[in-house]
Amino acid sequence: MSAIKIETNLNDLDDQLRKVSQLIESLNEMEDKVNMIRFLTIQEFSEISGWSLPVVKNLFNRADFPSCDYGKKKIVEVSAAKKYFSVPRRK
């Protein structure tokens, strides 16, 4: 009887290890999706920053701001915007 219980416990352990491996794989896939490039529109940037739309539009139209045209919309990549604001600027 004890050999059957040990074998059953080993099978259960194998099942649990498979589930943990699948979970780790799923978490890695989610992390990859999170690290994908993310763009913000003028509207989204305004909502996140709390700045008015005219202020954000002026910012997006600055030559030194890393925005680009995507169809009829202007967008900025999140990490490029972070990098832009990490450098002190003066008028």
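The model is a predicted one.

I'll take the salt bridges to begin with. Side chains of opposite charge can pair when their charged atoms come close. In this structure there are four salt bridges, and I'll go through some of them.

One is between Arg-38 and Glu-44, whose side chains meet at 3.8 Å, N to O. That distance counts because the cut-off for a salt bridge is 4 Å. How exposed are the partners? Arg-38 has a relative accessible area of 45%, which makes it partly exposed. Glu-44 is partly exposed too, at 27% relative accessibility.

Another salt bridge joins Arg-62 and Asp-64, at 2.9 Å from N to O. Here Arg-62 is partly exposed, with 40% relative accessibility, and Asp-64 is partly exposed, with 36% relative accessible area.

Then there is Lys-74 with Asp-69, where the closest N and O atoms are 3.1 Å apart. Lys-74 has a relative accessible area of 23% and is partly exposed. Asp-69, at 55% relative accessibility, counts as exposed, because exposed means over 50%.

Now to the patch. Which residues form the negative surface patch? They are Glu-25, Glu-29, Glu-31 and Asp-32. As for where Glu-25 sits, that residue is in helix α1, which covers residues 2-34. Patch members take no part in the salt bridges, because a patch is made of residues with no salt bridge and over 30% relative accessible area.

That covers the pairs and the patch.

Note on methods: Residues are numbered from 1 along each chain as its sequence is written. This is a predicted model: local features need pLDDT of at least 70, side-chain atom pairs count only at pLDDT 80 or more; totals for chains, interfaces and linings use all residues. Side-chain values use heavy atoms; hydrogens and water are left out. Patches are made of residues with over 30% relative accessible area and no salt bridge: like charges are joined within 9 Å, nonpolar side chains (Val, Leu, Ile, Met, Phe, Trp, Tyr) within 5 Å. Accessible areas come from the Shrake-Rupley method with a 1.4 Å probe; for residues, only the protein chains shown count as cover. Lys and Arg count as positive and Asp and Glu as negative; His and the chain ends are not counted. The place of a charge is taken as NZ of Lys, CZ of Arg, CG of Asp or CD of Glu. Helices (H or I, at least four residues) and strands (E, at least two) are DSSP runs, numbered from the N terminus. Buried means under 20% relative accessible area, exposed over 50%, partly exposed in between (1.4 Å probe, protein chains only).
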